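Here are a few friendly notes to read with the model open beside you. Take the points one at a time, and find each residue in the picture as you go.

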Amino acid sequence: MSIQVVIARPNFPEVIERLKQHFDVIDNQQDRPWTPQSWSEALTHADGVMTTGADPVNQVVLTNAKRLRICANMAVGYNNFDLPAMTAHGVVGTNTPDVLTETTADFGFALLMATARRISESEHFLRSGQWREWRYDMFAGTEVHGSTLGIIGMGRIGQGIARRASKGFGMQVLYHNRSQLSPEMEAECGARWVDKATLLREADHVMLVVPYSAATHHTIVEAELAQMKPTATLINLARGGIVDDAALAKALKERRIAAAGLDVFEGEPTVHPDLLTVTNVVLTPHIASATVKTRLAMANLAADNLIQYFQHGRVLTPVNPDVLNAPQRRV
Ligand code: DGY
C-alpha cells in the first residue's frame, strides 16, 4: 500500500513535488478552509501529515486517523499538538527549530522599532493626508538604543534578540526564564537573569518569546501590565494566549503603557476588536518567520522529517522522541 501524506495548507510547489517523489500526496493548494470535521476526515487514510501551527492534532483527530504515524509541523512552536495524546497513540511529532531563529529575532527588532518609533501610526497619518507641518512633538516615541530590554523566554530566539540588543543597540538586557543561561552564554548574549517583577519594573521594552503552554497562558495580564513603566512598550512574538489581549487593549487605551507590537493574538486570525481601535499598537499577522528563504527552509525541514521517517524510521527534529523507540509506536 502506498504511503499517504496530507499537506494541510498551501505550500511551496517545489516542496510538494519533492514529497510526491516519495508519497501519495494530498495537498491543499486551493486553501480550502477546514472545519473540525473535514480536517479530521482528511486524515482518515493519512500515514503522515504536514501541519502548520493552526492545524490541531488532538484526541478526536488521532482516534479517527488510525494510520497516522507522523505529524511534521512547519513551525517551531507546536502547541497545536496534543503531545500526550500523540505519544499515547504512538504518533511522532516534529517541528522546525534553528532554521527560523535569526529571521524571527530580526522581526522582533523590526516590531520593537516600529512600536517604539510609532512607524505604523505615523504612516497612517501621512497616507490619510493629515501631514501639514514639521512639529517638535510629532510622533515623538521612545528611545531604543541605550534603553533596557526585558526578554521573557530565553530560548534560541530570545538569545538572538539579546545579542542584537546588547551588541547592536547598546541596550541593557534583562531576561526571565525558567532556567538560567550558563555564565558564558549570559556574557555572549550580554544578558542578566532577573525575576519577573524586576524585569517588568525596570524594562523600557518588554519582549515575549516564551513558548505557549498551560504554564505560560496569560503570563501578562492586568497585574503585570500595572507593574510596567507608563512609558514602556510590550512586544509579543510568542503565541496568542501569552497575553490577555482584552486587558492589554484597555491598558493601551488608558495609556497605562505607551505602546505594544503584536504578531500573535488570542484566537487568531480573529483579533480582539478593542486592539483594532486603539492607535498605539502595531499589529502584524503572525509573520515573524516570514522571509522566502526561511519559510522554504521550514517547509523543507518538515518534508525531510516525513521522508526520513518513512525511509529510515527516524526524524531530524522530534518533539516527542521517546515514541520512536516505544512499544506503542504505530507500524
Ligand atoms: C513558529 O514557527 O512557531 C511560528 O510562530 C510560525 O507558526
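1. Let us start at the end of a helix. Helices here (H or I, at least four residues) and strands (E, at least two) are DSSP runs, numbered from the N terminus.

2. A word on what you are looking at. This is a predicted model, in which local features need pLDDT of at least 70 and side-chain atom pairs count only at pLDDT 80 or more, while totals for chains, interfaces and linings use all residues. Residues are numbered from 1 along each chain as its sequence is written, and side-chain values use heavy atoms, leaving out hydrogens and water.

3. Now the helix itself. Helix 13 covers residues 292–312, and its 21 residues should span 30 Å at 1.5 Å a residue, which agrees with the 29 Å between its end C-alpha atoms. The expected span is 1.5 Å times one less than the number of residues.

4. Which residues of helix 13 are buried? Among them are Met298, Leu301, Ala302, Asn305, Leu306 and Tyr309. Buried means under 20% relative accessible area, exposed over 50%, and partly exposed in between (1.4 Å probe, protein chains only). An α-helix has 3.6 residues a turn, so residues three or four places apart point the same way. The buried residues of helix 13 pack against several elements, including strand 1 (4–7), strand 4 (70–73) and helix 5 (101–116).

5. Have a look at Asn73, which sits in strand 4. Asn73 counts as buried because its relative accessibility is 0%. Its side chain makes polar contacts with the side chains of Thr51 (2.6 Å) and Asn80 (3.0 Å). A polar contact is a pair of N or O atoms within 3.5 Å; within protein, one must be able to donate a hydrogen and the other to accept it, and residues adjacent in sequence count only if both atoms are side-chain atoms. Leaving aside neighbours within four places in sequence, Asn73 is in contact (heavy atoms within 4.5 Å) with residues including Ala302.

6. Finally, the ligand. The residues around it are Ala75, Val76, Gly77, Leu100, Arg239 and His286, where a residue counts if one of its heavy atoms lies within 4 Å. An oxygen atom of the ligand is 2.7 Å from a polar backbone atom of Val76. For Arg239, an oxygen atom of the ligand is 2.7 Å from an N or O atom in the side chain, and the side chain of His286 likewise has an N or O atom 2.7 Å from a ligand oxygen.
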